Amino acid sequence: MIQLEQPPSHQAKLTPVVRSKSQFKGLFIAIVIVSAWVISLSLLLSVDISKLKFWMLLPVILWQTFLYTGLFITSHDAMHGVVFPQNIKINHLIGTLTLSLYGLLPYQKLLKKHWLHHHNPASSIDPDFHNGKHQNFFAWYFHFMKGYWSWGQIIALTIIYNFAKYILHIPSDNLTYFWVLPSLLSSLQLFYFGTFLPHSEPIGGYVQPHCAQTISRPIWWSFITCYHFGYHEEHHEYPHMSWWQLPEIYKAK
């Protein structure tokens, strides 16, 4: 069983409002996100896409992208042990499930890499950081993705796609617009708001120890853009706080 680190002692300084959240809120939010993704995808895969005009199709794709991002954010919270801290096995099970739904990503592998990132941000052994050569957005993105994708995952997803198309007779356009495209857009969204913006070296150099900066924006916009991933300095400072608690930490600073 994967072991999680204990929360750092400075978390005792958090405000009572943040610390007194319901013990089951993380589990409830995870269930809502997974349920919304399943229901939305099921409905969209059965819709007659020929009846949708482009101005209708685009917001639907963005909505599905937002739900895909929610799956990954949930697995990320599970890596920090905060989806259901009362039972770590259930916590890891939810993280494994959401990563599998997101793109058959291996939970244990990502867990180890994510904590390596937290312990060594913006360093040569940070698996999320560029290698010193690929610093622009797209070069860094492809360098980043190479560390998390494998041919096995790609082959498995291809098999699932063809099974859905030829055995379940789901139209290829529906699969492409509502399954494939949102997952790819979500990876760009997560990388941009969770890695590229907060961990790009600012003018004057990094501020230690987290080498992360917060992208200051209104709370409602922070949620829409990437589930408050932009409050990245707060996340590194308090890694055992859930994504939905970050605005309170941001406001309290």
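Biologist: Which residues in H6 meet which residues in H8?

Modeller: Bear in mind that this is a predicted model. On the H6 side the contact is made by Phe137, Trp140, Tyr141, Phe144 and Met145, and these meet Leu184, Ser187, Leu188, Phe191, Tyr192, Thr195, Phe196 and His199 in H8. Sorted by class, the residues of this contact of H6 with H8 comprise 10 nonpolar, 3 polar and no charged.

Biologist: How are two packed helices described, and at what angle do H6 and H8 pack?

Modeller: Two packed helices are described by the angle between their axes together with the distance between those axes. For helix H6 (residues 137–146) and helix H8 (residues 172–199) the angle is about 110°, and the axes are 11 Å apart. Angles of 65 to 115 degrees count as roughly perpendicular, and H6 and H8 are therefore roughly perpendicular to each other. Their crossing is right-handed.

Biologist: Is His199 buried or exposed, and what does its side chain make a polar contact with?

Modeller: His199, which is found in helix H8, has a relative accessible area of 2%, and because buried means under 20%, His199 counts as buried. Its side chain makes a polar contact with the side chain of His236, at 3.3 Å. Leaving aside residues up to four places away in sequence, His199 touches a set of residues including His117, Phe129, Trp140, His210, His232 and His236.

Biologist: At what angle do H3 and H4 cross?

Modeller: The axes of helix H3 (residues 54–79) and helix H4 (residues 88–103) cross at roughly 150° and come within 8 Å. That makes H3 roughly antiparallel to H4, and the crossing is left-handed. Among the residues that meet are Tyr68, Leu71 and Phe72 in H3, and Ile94, Thr98 and Leu101 in H4. The contact of H3 with H4 has 9 nonpolar, 6 polar and no charged residues.

Biologist: Are H2 and H4 roughly parallel or roughly antiparallel?

Modeller: Helix H2 (residues 25–46) packs with H4 at an angle of about 25°, their axes being 12 Å apart, and H2 and H4 are therefore roughly parallel to each other. The crossing of H2 and H4 is left-handed. Leu27, Ala30, Val34 and Trp37 in H2 meet Ile94, Thr98 and Leu101 in H4, and the residues of this contact divide into 6 nonpolar, 1 polar and no charged.

How values were computed
Residues are numbered from 1 along each chain as its sequence is written. This is a predicted model: local features need pLDDT of at least 70, side-chain atom pairs count only at pLDDT 80 or more; totals for chains, interfaces and linings use all residues. Side-chain values use heavy atoms; hydrogens and water are left out. Axes are lines fitted to C-alpha atoms, for helices over the stretch in contact, and angles run from 0 to 180 degrees between N-to-C directions. Helices (H or I, at least four residues) and strands (E, at least two) are DSSP runs, numbered from the N terminus. Angles under 35 degrees count as roughly parallel, over 145 as roughly antiparallel, 65 to 115 as roughly perpendicular and the rest as oblique. A crossing is left-handed if the near helix is turned anticlockwise from the far one by less than a right angle, and right-handed if clockwise. Contact means heavy atoms within 4.5 Å. Ala, Val, Leu, Ile, Met, Phe, Trp, Tyr, Cys and Pro count as nonpolar, Asp, Glu, Lys and Arg as charged, and the others, Gly among them, as polar. Buried means under 20% relative accessible area, exposed over 50%, partly exposed in between (1.4 Å probe, protein chains only). A polar contact is a pair of N or O atoms within 3.5 Å; within protein, one must be able to donate a hydrogen and the other to accept it, and residues adjacent in sequence count only if both atoms are side-chain atoms.
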